[in-house]
Amino acid sequence: MRRIALLTSTALVLAACGISPSTEQATRPAPAAPGVSALSVLTWQALRQGDSGRDVVTAQYLLRHAGYTLSVDGAFGAGTDSAVRSFQSSRGLTVDGIVGGNTWEKLIVTVRQGDNNNAVRAVQDQLRSGYGYTSVTVDGAFGSATDAAVRDFQSKRGLSADGVVGLNTWQSLVTGSSATGSTTTSGLAQQILNTSRITLGTSSSTVSGNPRQNMLDTAAGRAAVRGCNSDANCGLTVYLKRSMLDGMLRVAGSSNSFYVTSIAGGVHSQYSDHYAGLAFDIGIWNGVSLSSPNSAHTAARNACLAAGSDPSQTFNAYYDPPGGHSNHVHCAWN
Ligand SMILES: [Zn+2]
């Protein structure tokens with residue numbers, strides 16, 4: 001259900017790696033969204049108007065804790081939207097009504113035994129209704145039963161079992177997963193979809209699967225649709241490889257943001273790593289367009305190398321044995 005705020009310009013880079021100029025479609029990448037740097041490190045469930053459920057209850061309790069008057073009913077309606085926007089404005093966040101990582105991390109407050117407030121109610125509600133700790137009462141009073149449940153929850157998720165609900169425990173309660181990540185390709189794909197600093201292109205002009213569709217298919221356990229290079233292989237599928245997905249998350253790391261123009265789709269050389277599910281292309285690096293050679297080309301390639309990409313298969317404007325990489329950076333894993 002996580003939706004990522006995608007760049008909306010119609011002009012996207014269709015990456016062309018090592019192919020003849022006639023088949024290249026070099027267009028200017030969309031400008032990066034404002035505030036794309038300095039985003040949260042952890043992945044969070046993003047919520048917006050129309051959503052409902054346990055995490056909405058949590059957000060509503062936290063908004064009440066922050067001083068807003070709204071019903072805690074698990075339905076993200078106009079009242080919650082208004083409170084979210086007001087909260088975002090007051091904290092210097094992008095005012096979009098979406099409770100994503102940055103907003104979550106401003107909303108949460110550390111709670112521990114002895115506390116008594118609406119943030120504690122949020123924790124208790126998650127523990128009781130979301131994770132089955134029926135010994136916990138949702139009364140706002142962080143007592144011994146809540147403490148025991150928190151410690152058990154933490155130990156089962158590899159978190160420090162200290163009974164203190166801080167950043168990592170809040171994130172784990174809300175997303176239902178460990179911040180240390182998933183081990184399956186579908187889990188990695190979901191993590192990528194949940195990462196606000198990775199923007200996956202949605203251009204309908206991409207030959208066969210666009211990056212976001214490739215990732216949605218992978219998250220659903222399906223193979224990704226491939227592009228082709230003027231041959232009969234258009235529309236074949238490939239399972240995106242774990243090494244590349246893991247690499248993409250590592251490239252994002254704790255602070256990089258980037259725009260992916262191509263994964264398995266697009267026009268590339270016939271035996272390109274893209275068609276093996278091992279490569280992706282970057283069109284914007286930390287807000288800087290890679291449409292022409294610049295220092296961001298070097299920075300993006302270095303980040304891929306640091307994330308384990310194959311040095312001989314990681315191309316940019318300055319390391320470009322196959323040619324065709326003056327307008328994007330191509331990173332491939334083995
Ligand atoms: Zn490429």
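Predicted model: local features only at pLDDT ≥ 70, side-chain atom pairs only at ≥ 80, totals over all residues.

Me: Which residue other than glycine has a positive phi?
Reply: Asn286, with phi near 45°. Most residues other than glycine have a negative phi.

Me: Where is Asn286 found?
Reply: Asn286 is in the loop between β7 (279-285) and β8 (288-289). Asn286 is partly exposed, with 16 other C-beta atoms within 10 Å. On that scale, a residue is buried if 20 or more other C-beta atoms lie within 10 Å of its own, exposed if 12 or fewer, and partly exposed in between, with C-beta atoms placed from the backbone.

Me: How many helices and strands in the protein chain?
Reply: Ten helices and nine strands. These are DSSP runs numbered from the N terminus: helices are H or I, at least four residues, and strands are E, at least two.

Me: Back to α1. Why does its end-to-end distance agree with a helix of twelve residues?
Reply: At 1.5 Å a residue, the twelve residues of α1 (residues 54-65) should span 16 Å, and the end C-alpha atoms are 17 Å apart, which agrees. The expected span is 1.5 Å times one less than the number of residues.

Me: Is α1 mostly covered or mostly uncovered?
Reply: Mostly covered, with nine of its twelve residues buried. Among them are Val56, Val57, Tyr61, Leu62 and Leu63.

Me: And the protein chain as a whole, what share is buried?
Reply: Buried residues are 46% of the 334 residues.

Me: Which residues touch the most other members of the largest nonpolar core?
Reply: Met244, Met248, Phe258, Val260, Ile282, Ala300 and Cys331, in a core of 36 residues. A second, separate core has 33 residues, including Val56, Phe76, Val84 and Ala119. A nonpolar core is a set of buried Ala, Val, Leu, Ile, Met, Phe, Trp, Tyr and Cys residues joined through C-beta atoms within 7 Å.

Me: What is Val260 in contact with, leaving aside neighbours within four places in sequence?
Reply: Ile198, Thr199, Leu200, Gly201, Pro211, Phe280, Asp281 and Ile282. Contact requires C-beta atoms, placed from the backbone, within 7 Å.

Me: New topic, α7. Why is α7 called largely enclosed?
Reply: Seven of its ten residues are buried, so α7 is largely enclosed by the rest of the structure. The cover over those buried residues includes β2 (198-200), α8 (211-219) and α9.

Me: At what angle do α7 and α9 pack?
Reply: α7 (residues 185-194) and α9 (residues 242-252) pack at about 25°, with axes 10 Å apart. That makes α7 roughly parallel to α9. Angles under 35 degrees count as roughly parallel, over 145 as roughly antiparallel, 65 to 115 as roughly perpendicular and the rest as oblique. Axes are lines fitted to C-alpha atoms, for helices over the stretch in contact, and angles run from 0 to 180 degrees between N-to-C directions.

Me: Which residues meet there?
Reply: Thr185, Leu188, Ala189, Gln191 and Ile192 in α7 meet Arg242, Leu245, Asp246, Met248 and Leu249 in α9.

Me: How do α7 and α8 cross?
Reply: Their axes come within 7 Å and cross at roughly 135°. α7 and α8 are therefore oblique to each other. The contact involves residues including Ala189 and Ile192 of α7, and Met215, Thr218 and Ala219 of α8.

Conventions: Residues numbered from 1 in each chain as written. Contact = placed C-beta atoms within 7 Å.
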